[in-house]
Amino acid sequence: MINMGYKKLSADRKKAISENANEYAKANYKQVLLRLKPEVANEFDGICQAENLSRVEMLRKLLEIYNQTIDNG
């Protein structure tokens, strides 16, 4: 595959890439906005850093732990 720089692509091609990316994101992801007290956000970020996980990965891990406790409860 030839690696053509994005800048060299036509405006139509760039638009098509953008539309495809937007459709993919809408179909495969959902954005969630959380408003937290600063101390809660700082604690969560501290845990993420301690575990070397992103926020998304930490949320997934917390959901897994929750589901395990429900299944074993």
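## Chatting through a helical chain

User: Hi! How many helices and strands does the chain have?
Analyst: Hello! The chain has three helices and zero strands. Keep in mind that this is a predicted model.

User: Good to know. In what order do the elements run from the N terminus on?
Analyst: They run α-α-α. Within that, α2 covers 38–51 and α3 covers 55–72, with a loop between them.

User: Which residue is found in that loop between α2 and α3?
Analyst: Asn52 is found there. Its phi is positive, about 55°, although Asn52 is not a glycine.

User: Switching to overall shape: what is the radius of gyration?
Analyst: The chain has 19 Å, whereas a compact globule of 73 residues would be near 11 Å.

User: And what does the C-alpha trace span along its principal axes?
Analyst: The spans are about 55 × 30 × 25 Å.

User: What share of the residues counts as buried, then?
Analyst: Of the chain's 73 residues, 4% count as buried.

User: Last topic, charges. How many positive and negative ones are there, and how far apart are their mean positions?
Analyst: The chain carries 12 positive and 10 negative charges. Their mean positions lie 11 Å apart.

Terms used: Residues numbered from 1 in each chain as written. Predicted model: local features only at pLDDT ≥ 70, side-chain atom pairs only at ≥ 80, totals over all residues. Heavy atoms only, no water. Helix = DSSP H or I, 4+ residues; strand = E, 2+ residues; numbered from the N terminus. Rg over C-alpha atoms; globule rule 2.2 N^0.38 Å. Buried < 20%, exposed > 50% of the residue type's maximum accessible area, 1.4 Å probe, protein only. Lys, Arg positive; Asp, Glu negative; His and termini not counted. Charge placed at Lys NZ, Arg CZ, Asp CG, Glu CD.
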